[in-house]
Amino acid sequence: MTETTQRGGVPNAAPVQTGKPGLITQVISSKGLAVGAVGLFGATVIGVSTVAPAYTFTISLGPVASEVGTQAPAIILLGFIPMLLVALGYRELNKVMPDSGTTFTWATRAFGPWIGWMASWGLVIATVLVLSNLAAVAVDFLFLLISQIAGNPAIADLTFNPFINVAVCLLFMVGAAYLSFRDMKESKVFQVVLVSFQVGVLVLFSVLAIVKSFSGGSGDPLAFDLNWFNPFAVGDLSAVVVGLSLSIFIFWGWDVALTMNEETIDPERTPGRAATLTVIVVGGLYLLLGVALMMYAGVGDAEGGLLNDSIIDNVFFGLADSIMGPFAFLISLAVLVSSAASLQSTIIGPARTLLAMGHYKALPARFDSVHPQHRTPVFAIVVSVAVAGGFYAVMRFLSENVLWDTILTLGMMICFYYGLTAFACVWFFRKQWFDSVGSFVTKLAAPLVGGVILLAMFVMTIRDSLSPDYGSGENIAGIGLVGLLGILIIVIGLVFMTIMAVKRPEFFRGEVLPMQHADSEKVTS
């Protein structure tokens with residue numbers, strides 16, 4: 001296969017020819033990615049997959065209900081707001097700079113190479129390390145599902161054997177890496193099947209819960225009340241903080257739709273629309289599930305209630321038998337599918353960010369490579385999965401609490417890079433704030449409010465996490481482990497950035513991606 005230098009109709013793209021002159025097989029971006037591989041539907045499906053609604057919601061609803069009671073839907077609604085506001089800012093940036101580097105490229109254009117590099121560090125660390133968490137959950141529910149089907153509870157306990165657990169976890173990661181290595185069209189088909197099953201089971205679960213609530217339900221069932229959706233009824237500031245923290249966890253992942261922008265149809269508009277649709281679809285699904293389970297089980301701690309010890313940590317599994325009867329295993333399968341699908345789709349984000357950083361000389365040149373046939377960043381994929389797998393293997397043998405505390409630490413990084421990207425939108429479009437009402441809303445007000453909320457959460461989490469009681473309660477010299485991990489991640493990022501500034505100084509001198517704003521004659525990438 002030979003590549004031509006002729007530019008096609010897609011920005012920063014060129015057609016690829018086979019050995020037969022004149023026969024164009026596909027269009028590629030300047031980084032070698034296949035353009036037009038994913039449309040709006042496919043990008044939205046992959047976005048929903050990355051969020052992993054079955055997995056995230058089953059472990060989140062109980063803790064939220066314990067904090068705010070019947071206002072859980074209001075907290076979900078409150079958590080939805082900053083994600084939507086930031087998504088609008090992402091959409092505006094993508095319209096003028098459809099680049100797979102997303103946060104890295106946009107923050108560099110707005111604030112310069114040093115801030116852009118650190119913002120992308122937060123993104124890459126968050127997404128790479130959360131891969132280990134997703135694989136671990138997939139392993140847990142795989143053994144749980146097998147035990148349910150076989151009728152042997154002892155099988156579920158195999159997940160507690162660290163050797164078996166790590167081995168199966170690494171197999172999941174290798175499988176996800178292979179699917180990510182294949183071209184984006186194959187990944188899209190895989191994701192459509194798994195996400196359709198996952199969402200279908202969750203909707204069925206919700207409908208059955210609502211229907212059964214009218215015939216008595218479980219625990220202390222409640223009659224539907226519109227006041228559940230009133231955020232002002234929460235009252236307690238600490239509950240508001242819980243809601244915003246929840247949003248980071250249950251909505252995070254929608255931005256993967258933007259990292260595929262060089263591989264989508266109509267890259268200026270499709271990724272932004274897909275990201276916004278992902279947030280809306282997932283938010284609607286969460287509200288349906290929250291209302292259904294509150295109507296069915298109530299928010300008490302009696303047997304069958306959401307706050308009962310046997311239910312609160314995993315509400316889907318705790319209520320599956322009473323709601324779905326002999327088909328309860330479908331819930332375990334849905335969570336397993338949710339984790340496995342998200343494991344594969346989550347790889348997309350860091351791999352393409354690392355590709356962009358290599359392309360723009362912010363990382364070693366080896367990262368700026370794609371497979372000649374599949375047009376995927378294979379080296380970046382291998383590095384992402386290898387780091388995640390190594391991290392999980394070490395931490396699983398050392399301490400499960402360390403793994404959990406690390407996941408809490410990643411929440412800080414997510415707030416950090418989402419917030420910086422939102423501010424990048426505000427600053428990049430500073431000369432267009434008052435061009436129209438739409439510009440004021442999407443280029444100033446929405447990303448500014450969303451960014452302030454998320455960076456405030458970042459600061460508050462840093463402050464709280466230094467307490468020895470935060471997270472698992474593990475501490476070193478009286479300082480919380482979560483806070484120490486967060487600081488350590490930032491310091492390691494600063495060290496790596498300094499090394500790259502010495503090895504590849506042209507990027508850090510602003511020669512590769514110079515600072516620009518929306519009135520620049522041409523935004524190049």
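Visitor: How many cavities of 30 Å³ or more does the structure hold?

Guide: Rolling a probe the size of a water molecule over the atoms shows where empty space is left. In this predicted model, there are three cavities of 30 Å³ or more. The largest cavity contains about 80 Å³ of space.

Visitor: Which residues line the largest cavity?

Guide: The lining includes Thr50, Leu123, Thr127, Trp252, Asp255, Thr259 and Tyr417. Two or more residues are given to this lining by each of α6 (113-150), α10 (256-259) and α14 (348-359).

Visitor: Thr50 belongs to α1. How many residues of that helix are buried?

Guide: A residue is called buried when its relative accessible area is under 20%. In α1, 10 of the 12 residues are buried, among them Ile46, Val48 and Thr50. The helix covers residues 40-51 and spans 17 Å from its first C-alpha to its last, close to the expected 16 Å. After α1 comes Ala52, with a positive phi near 60°.

Visitor: Where is Ser100 found, and is Ser100 buried or exposed?

Guide: Ser100 sits in the loop between α4 (72-96) and α5 (103-111). Ser100 counts as buried because its relative accessible area is 0%.

Visitor: Which residues does Ser100 touch, leaving out those up to four places away in sequence?

Guide: The residues touched by Ser100 include Lys31, Leu33, Asn261, Glu262 and Arg352. A polar atom of the Ser100 side chain lies 3.5 Å from the backbone oxygen of Arg352. Thr259 is also touched by Ser100, and Thr259 is one of the residues that line the largest cavity.

Notes
Residues are numbered from 1 along each chain as its sequence is written. This is a predicted model: local features need pLDDT of at least 70, side-chain atom pairs count only at pLDDT 80 or more; totals for chains, interfaces and linings use all residues. Side-chain values use heavy atoms; hydrogens and water are left out. Helices (H or I, at least four residues) and strands (E, at least two) are DSSP runs, numbered from the N terminus. The expected span of a helix is 1.5 Å times one less than its number of residues. Buried means under 20% relative accessible area, exposed over 50%, partly exposed in between (1.4 Å probe, protein chains only). A polar contact is a pair of N or O atoms within 3.5 Å; within protein, one must be able to donate a hydrogen and the other to accept it, and residues adjacent in sequence count only if both atoms are side-chain atoms. Contact means heavy atoms within 4.5 Å. On a 1 Å grid over the protein atoms alone, a cavity is a set of points where a 1.4 Å probe fits but cannot get out, and a pocket is an open set with protein on both sides within 12 Å along at least five of seven lines; lining residues have an atom within 4 Å of a point. Grid points are joined across faces, edges and corners, and a volume is the space filled by probe spheres set on the points.
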